[in-house]
Amino acid sequence: MLLNARLHKQEKERRHLEVSNRQRITIHKLAFEEVGDPSVRDFRCFLDGCGHIFCRAADAEAAKPFEKPTIAGMPALGAAGEKGKVKVFGMPPSCNAIGPVLLAMDAGAGNLEMCNLMEGEQMKPEFLAMNPFHHIPTIKDGEYAIAESNASIRYLAMKYKPEYYPTADPQACGRIDFAMESFGGDVYPKWSKVVYPLMGFSGPAEDPTKASAELTEILETWVAHFLKGKFVNGDTLTIADFKVGPFLFALAQPGIEAKAEFKASDRVKKYVEDFVAASPACAMLSEAGGFAVKEYIAMKAAA
Ligand SMILES: N[C@@H](CCC(=O)N[C@@H](CS)C(=O)NCC(=O)O)C(=O)O
């Protein structure tokens, strides 16, 4: 792995590596823990949505460390809400992670606990003890820890905001689950090929024009089926909005149209506007000390 890592640095290019969990830990160790070897410490490791790891030489300037910003009307990010003790381990630019963070904030149940993937924090033993699959989001409520965005969102709602997932109405929950699961299974793989290359979380798509056309087609199908009201499945917020809202928010960013060849439809843009207006927590999609989805895409699009 060391040889591979050095090769990447010399070539100054990204390359995908299919690696086992053990190798991931090794590469993170090489990249971040070998004190006194700057050629290794200068690497950044990235993982894409499919769990592939790739490395590239660090940019000349080290990334600014994440600082928890304060958003008007919200508790400082990372601070517990009134009810809240839930820690949602994630990073603001991760659309998988930020949905549960927004829901925890909206419900006053808890807040973001930064888990910086660029620094390999998801590979630390204390994180792996919560989630051996080393993904964000991972949530911790007291001694109880679970992961996976959909599972986390359901748990948070059932415990802290039951009106967003009304378990007394199985048909409503079925529709919510259908929207969330089909987004994850059908839309997300196409979304990843358009958005992650720009964000720097995956290598370039083989054919960006095709990737964009495929996302447009599947998203049109999803939108036609689920966005019949103001929000997903109707006119009131549910957990499905916290699941898909961040992904659609990302697609509506000007940098995506300018640099990723994807144009969000007017319906998607209106949905994003309504979702952001519906919960003050959504401010975190726009402001998080340079790490918010909006800030991150704008920064990458300008690079
Ligand atoms: N199916 C998972 C996907 C989560 C995921 O892909 N997380 C990525 C960041 S967006 C991650 O944690 N990558 C780091 C790793 O796998 O080590 C979910 O919905 O929560």
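View 1. Pro 93 is buried, with 25 other C-beta atoms within 10 Å. A residue counts as buried if 20 or more other C-beta atoms lie within 10 Å of its own, exposed if 12 or fewer, and partly exposed in between, with C-beta atoms placed from the backbone. This is a predicted model, in which local features need pLDDT of at least 70 and side-chain atom pairs count only at pLDDT 80 or more, while totals for chains, interfaces and linings use all residues. Residues are numbered from 1 along each chain as its sequence is written. Pro 93 sits in the loop between β4 (86-90) and α4. Helices (H or I, at least four residues) and strands (E, at least two) are DSSP runs, numbered from the N terminus. Leaving out residues up to four places away in sequence, Pro 93 touches Met 199, Phe 291, Val 293 and Tyr 296; two residues are in contact if their C-beta atoms, placed from the backbone, lie within 7 Å. Ala 292 is 199 residues from Pro 93 in sequence, yet the two C-alpha atoms are 5.2 Å apart.

View 2. Axes are lines fitted to C-alpha atoms, for helices over the stretch in contact, and angles run from 0 to 180 degrees between N-to-C directions. By class, the contact of α4 with α9 has nine nonpolar, two polar and one charged residues. Ala, Val, Leu, Ile, Met, Phe, Trp, Tyr, Cys and Pro count as nonpolar, Asp, Glu, Lys and Arg as charged, and the others, Gly among them, as polar.

**View 3. Packing of helices α7 and α8.** The axes of α7 (residues 170-199) and α8 come within 8 Å and cross at roughly 160°. Helices α7 and α8 are therefore roughly antiparallel to each other. Among the α7 residues in the contact are Phe 183, Asp 186, Val 187 and Trp 191, and among those of α8 are Leu 215, Ile 218, Leu 219 and Trp 222. By class, this contact of α7 with α8 has 11 nonpolar, two polar and four charged residues.

View 4. The loop between α5 (125-130) and β6 (138-141) contains Pro 137, and the peptide bond from Ile 136 to Pro 137 is cis, with omega near 0°. His 134 lies in the loop between α5 and β6 as well, and its phi is near 50°, a positive value in a residue other than glycine. His 134 is buried, with 23 other C-beta atoms within 10 Å.

**View 5. Asn 233 in the loop between α8 and α9.** Asn 233 is found in the loop between α8 (208-226) and α9. Although Asn 233 is not a glycine, its phi is positive, about 70°. Asn 233 is partly exposed, with 18 other C-beta atoms within 10 Å.

How values were computed:
Angles under 35 degrees count as roughly parallel, over 145 as roughly antiparallel, 65 to 115 as roughly perpendicular and the rest as oblique.
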